[in-house]
Every structure is written in structure tokens, then in C-alpha cells.
Amino acid sequence: MSEFGEAMRLALDEARRAGDAGDVPVGALVLDASGQVIAAGHNERERTADPTGHAEVLALRRAADRLGSWRLAGCTLVVTLEPCTMCAGAAVLARVDRIVYGAADPKAGAVGSLWDVVRDRRLNHRPEVIAEVLAPECGALLAEFFAGRRVG
């Protein structure tokens with residue numbers, strides 16, 4: 001297992017909080033350079049009626065608030081689902097050093113699946129990507145959530 005397995009398990013706990021509240025179960029953490037959790041978030045779009053209420057955006061905002069800077073150099077974003085274009089863009093603009101994600105998202109992923117925002121050479125910052133950490137667990141949580149909502 002990756003060195004980020006423990007952090008991904010904590011992100012899965014965040015994702016479960018979102019699912020329990022009726023939102024898509026995605027959780028995110030921001031780790032500082034030493035690997036300590038400095039911020040966490042889970043999807044809150046349904047609760048807040050906010051289209052930007054994605055786990056990653058909330059975790060990045062909280063990390064910036066905690067550090068007193070929008071520049072999150074040295075930090076790692078850990079998220080249970082491959083970030084979408086908005087969240088991948090936010091991570092690039094926040095200057096995170098690395099993005100670690102669990103389940104790939106072939107329908108909306110912007111870290112290599114559908115798009116590859118974070119490796120676009122036209123941008124001035126390109127974080128390292130570590131993909132599919134605990135992917136089966138992350139994917140199972142999402143599959144279970146959506147299976148309970150589909151009408152046969």
C-alpha cells in the first residue's frame with residue numbers, strides 16, 4: 001500500500017460523512033509537508049446548495065485559512081475520487097505539491113481520466129499525481145451510494 005494509505009482511510013471517513021448526509025461520498029484532506037492533516041472536507045453541495053461545495057475545495061479553503069496563505073506549497077491533497085476540472089484547477093492554483101486520489105473518474109476526472117488539467121504544460125504549476133490509492137475501497141463506497149439511489 002502507498003505511503004498515503006492511512007491518509008486515504010481518513011479521507012474515506014470524511015466521504016462517509018457526506019454520504020450519511022445524502023451527498024455524493026467524497027472526502028478530502030490536506031497534509032502539510034510533514035504529513036500531518038491540516039484540513040479536511042467532504043462534499044456539502046446538497047446541504048449548502050453550493051455548486052462549489054466539493055470536498056477538495058472545502059479542504060483547500062480550510063488549509064489556506066489555517067496556514068494564512070492561499071499558497072499551499074509543500075502540501076498534499078488526498079481525495080477519495082479523482083478531482084473534477086474545478087477541483088483539479090483549484091489544486092493547481094493553490095500550488096499543492098501533490099494530489100493523491102483513490103477511485104478514478106472516467107466521466108469527469110481531470111487528473112488523467114477524461115482530462116489532465118494538472119499536467120497541462122501551459123500552466124505554471126504541475127503537482128505530482130499519485131493515482132488509485134485504496135481505489136477498490138473508494139470505488140465501493142461510491143458504487144454503494146449510487147446503487148441505493150437507482151430506480152430499476
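Helix 3, residues 55-67, comprises 13 residues and spans 18 Å from its first C-alpha to its last, close to the 18 Å expected at 1.5 Å a residue. Please bear in mind that this is a predicted model.

Which residues of helix 3 are buried? They are A55, E56, V57, L58, A59, L60, A63 and A64. The cover over these buried residues includes strand 1 (27-31), strand 2 (37-42), strand 3 (76-81) and helix 4 (85-93). After helix 3 comes G68, with a positive phi near 75°.

I turn now to a helix pair. Helix 1 (residues 5-20) packs against helix 5 (residues 135-147) at an angle of about 5°, and their axes lie 11 Å apart. Helix 1 is therefore roughly parallel to helix 5. On the helix 1 side, the contact involves M8, R9, L12, A15, R16 and G19, while helix 5 contributes E137, C138, L141 and F145. By type, the residues of this contact are 6 nonpolar, 1 polar and 3 charged.

Finally, the loop between strand 5 (128-130) and helix 5 holds E132, and L134 is found in that loop as well. Most residues other than glycine have a negative phi.

Note on methods. Residues are numbered from 1 along each chain as its sequence is written. This is a predicted model: local features need pLDDT of at least 70, side-chain atom pairs count only at pLDDT 80 or more; totals for chains, interfaces and linings use all residues. Side-chain values use heavy atoms; hydrogens and water are left out. Axes are lines fitted to C-alpha atoms, for helices over the stretch in contact, and angles run from 0 to 180 degrees between N-to-C directions. Helices (H or I, at least four residues) and strands (E, at least two) are DSSP runs, numbered from the N terminus. Angles under 35 degrees count as roughly parallel, over 145 as roughly antiparallel, 65 to 115 as roughly perpendicular and the rest as oblique. Contact means heavy atoms within 4.5 Å. Ala, Val, Leu, Ile, Met, Phe, Trp, Tyr, Cys and Pro count as nonpolar, Asp, Glu, Lys and Arg as charged, and the others, Gly among them, as polar. The expected span of a helix is 1.5 Å times one less than its number of residues. Buried means under 20% relative accessible area, exposed over 50%, partly exposed in between (1.4 Å probe, protein chains only).
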